[in-house]
Amino acid sequence: MAGGPTINDKFPNLEGATQSQDDFDLYKYLGDSWGIVFMHPGDFTPVCTTELGEAALREEEFTKRNTRLCGFSCNDSESHKSWIADIEVATKGKVNFPLFCDPNRDAAAGLGILDETNKDAKGLPLTVRSVFILKPDKTIALMMTYPASTGRNFDEIIRVLDSLQLTVSNSVATPVNWKQGEDVIVNFPLSNADADEKFGKDGYRIVEVPSESGKTLAKNYLRYTKA
């Protein structure tokens with residue numbers, strides 16, 4: 001699998017066909033919203049069907065987070081249209097978001113998401129299950145990649161989206177297994193004086209650890225505050 005863009009790179013614009021239009025433009029579609037582009041190895045495959053159905057059922061959750069969805073596979077628009085009908089019957093999820101068509105694999109090759117060990121009936125490589133979360137400026141905030149055999153966890157996709165949207169404009173980070181509403185970590189670069197100014201002297205708590213015991217420090221490294 002050849003290399004493609006990575007975190008903080010600008011995600012390439014996707015221009016071409018979807019299931020409903022021939023002149024799709026990803027940048028125009030996203031506008032000032034956050035975006036999630038997620039790849040599928042192929043239409044009419046079982047795991048992908050469950051994933052697209054789940055995304056459709058939860059689209060409102062993404063809309064509340066100012067986030068627009070875009071699916072992607074190496075199939076044409078007629079294939080997408082027919083598959084969408086199956087998805088709705090099988091999962092009760094109605095796919096209203098675009099599914100980008102890349103039958104020639106031009107976009108997939110540029111993104112570095114083709115799996116040469118997993119090929120279709122014509123011997124052409126299929127995509128891995130990549131997820132790209134894009135900021136409003138179209139840079140990549142997060143990437144996740146799953147093999148064809150493993151369906152994605154949309155609870156985790158929503159969890160990390162919440163984290164990204166919180167931390168992009170606040171001086172905090174999210175700890176292990178964090179969920180929306182739980183305490184967050186004061187950004188490591190902030191000194192205690194900076195934290196006092198940002199959160200108030202009683203607005204965060206310092207976790208006492210052996211390596212810092214008995215020391216007066218300008219910055220304790222593990223500090224929690226309210227989200």
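## An open sheet, a crossing helix and a nonpolar core

Four strands form an open sheet in the order β10-β11-β13-β12, with antiparallel pairing. Its edges are β10 (172–173) and β12 (204–206), each of which pairs on one side only. The model is predicted.

Inside the sheet, strand β11 and strand β13 pair in the antiparallel sense over 2 bridges. I185 has Y224 of β13 as its bridge partner. Helix α7 lies across β10, β11, β12 and β13. The helix runs at about 155 degrees to β12.

The elements of this region have these residue ranges:

| Element | Residues |
|---|---|
| β10 | 172–173 |
| β11 | 184–186 |
| α7 | 192–199 |
| β12 | 204–206 |
| β13 | 223–225 |

Now the core. The largest nonpolar core has 48 residues. Which of them touch the most other members? They are F11, L26, I36, F38, F72, F97 and I133. Helix α6 (residues 154–167) supplies the largest share of this core, 6 residues.

F38 shows what such a position contacts. Leaving out residues up to four places away in sequence, F38 touches L52, A55, L69, C70, G71, F72, F97, S130, V131, R152 and F154.

F154 is also among the buried residues of α6. Helix α6 has 14 residues and reaches 20 Å from its first C-alpha to its last, close to the 20 Å expected at 1.5 Å a residue. At the start of α6, a side-chain oxygen of N153 comes to within 2.9 Å of the backbone nitrogen of D155.

Terms used: Residues are numbered from 1 along each chain as its sequence is written. This is a predicted model: local features need pLDDT of at least 70, side-chain atom pairs count only at pLDDT 80 or more; totals for chains, interfaces and linings use all residues. Side-chain values use heavy atoms; hydrogens and water are left out. A nonpolar core is a set of buried Ala, Val, Leu, Ile, Met, Phe, Trp, Tyr and Cys residues joined through side-chain atoms within 4.5 Å. Buried means under 20% relative accessible area, exposed over 50%, partly exposed in between (1.4 Å probe, protein chains only). Contact means heavy atoms within 4.5 Å. Two strands pair if DSSP finds at least two bridges between them. Axes are lines fitted to C-alpha atoms, for helices over the stretch in contact, and angles run from 0 to 180 degrees between N-to-C directions. The expected span of a helix is 1.5 Å times one less than its number of residues. A polar contact is a pair of N or O atoms within 3.5 Å; within protein, one must be able to donate a hydrogen and the other to accept it, and residues adjacent in sequence count only if both atoms are side-chain atoms.
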